[in-house]
Amino acid sequence: MKFEKIHNKGQAQLFENPVLEFFTKGHPLVIWGMYLPFIVGLPIYAGRELGFSGGKIAAWFIGAMFFWTFFEYLAHRYAFHLSPKGQRTKKFVYIMHGNHHHYPRDRQRLFMPPLPSLILASALFVVQYLILKENVFVFFPGFILGYLMYASMHYAIHAWNPPFKWMKPLWRNHHLHHYKDEEKGFGVSSTIWDLVFGTMFDLKKEKEDKAKVQELMFEKKRQAVG
C-alpha cells in the first residue's frame, strides 16, 4: 500500500472500539513468554515420550528455523503485500501490515499481538501435524523460535541503530523496503531469499541520503545528571 506520507511518530488507530484496539498491540516480552514453554517443552516431550534422539531433535529443530526464513519471505512478499481493490480488502490489508508501512516505528505493533498470534500459531501447528505427524513436536518449536528471532530483529531494526557494523546491510535493506521501494527487500531476519529471487537491493549502488539518514536516526535518551 502506497502512502503520501510515512509517519515516523505516533501510531494508526485500527478500530474505534477500545477493546479491539487494545488487542492490536503487543510487547516482545509477552510474546516470548507465551512461546518459550513450547520451544523448550516440546523437544523434551519428543525425547522422553517419543524416543527421538538428540541428533534427530537438533536436525528437525535447526531445519525448521531455516525453513522459517523461507516462510517469512513468502508471507511478507505475497500475503502482507497484497494489492487490494475493495474497501473491505483494503481495510484488512491495512490492519494486517499496511499500518506498519504507514507508521513504521510504532513499537507496539512490531510483533504480532498475542491473540491473533496464538490463533495463527495453532492453525500452523495443525497443518504441520497433518504433514509431519509426530515430527511436528520438534519442527514446530524450531519454526516458532525462527519467528521470534525474526520478530526481534524486526523490532530492533525499527527501534534502534544496528549494534554491529556487519548488521548494517540488514538495517539498510529493510529501511529501503520501507522508504524507497516496497517491491524489494522482503527478507528481515535474512536476505538470502531476496538474493535467490532477485528482490535484493544493490546496497553498493544505493547512495545514502544523509538528510534522510539523519531523520531516521534513533535519538539516545539523555540521562539526567543528578
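A salt bridge here is a side-chain nitrogen of Lys or Arg within 4 Å of a carboxyl oxygen of Asp or Glu. By that rule, the count comes to two salt bridges. Please keep in mind that this is a predicted model. Below is a friendly tour of the charged network and then of the nonpolar core.

**Salt bridges**

- Glu21, Asp106 and Arg109 are joined in a salt-bridge network.
- Between Arg109 and Glu21, the closest N and O atoms are 2.8 Å apart.
- Glu21 sits in helix H1 (residues 18–22) and Arg109 in the loop between helix H4 (87–102) and H5, so this pair ties together parts 88 residues apart in sequence.
- Arg109 also forms a salt bridge with Asp106, with the closest N and O atoms at 3.3 Å.

**Burial of the charged residues**

- With buried meaning under 20% relative accessible area, Arg109 counts as buried because its value is 11%.
- Glu21 is buried too, with a relative accessible area of 11%.
- Asp106 has 6% relative accessibility, so Asp106 counts as buried.

**Nonpolar core**

- The largest nonpolar core holds 37 residues, and those with the most contacts inside it are Tyr35, Ile144, Tyr147 and Leu148.
- Two or more residues of this core come from each of helix H2 (28–49), helix H3 (54–79), helix H5 (114–132), helix H6 (136–159) and helix H7 (168–179).
- H6 gives the largest share of this core, 17 residues.
- Setting aside neighbours within four places in sequence, Tyr147 is in contact with Ile31, Trp68, Phe111 and Met112.

Note on methods:
Residues are numbered from 1 along each chain as its sequence is written. This is a predicted model: local features need pLDDT of at least 70, side-chain atom pairs count only at pLDDT 80 or more; totals for chains, interfaces and linings use all residues. Side-chain values use heavy atoms; hydrogens and water are left out. A nonpolar core is a set of buried Ala, Val, Leu, Ile, Met, Phe, Trp, Tyr and Cys residues joined through side-chain atoms within 4.5 Å. Buried means under 20% relative accessible area, exposed over 50%, partly exposed in between (1.4 Å probe, protein chains only). Helices (H or I, at least four residues) and strands (E, at least two) are DSSP runs, numbered from the N terminus. Contact means heavy atoms within 4.5 Å.
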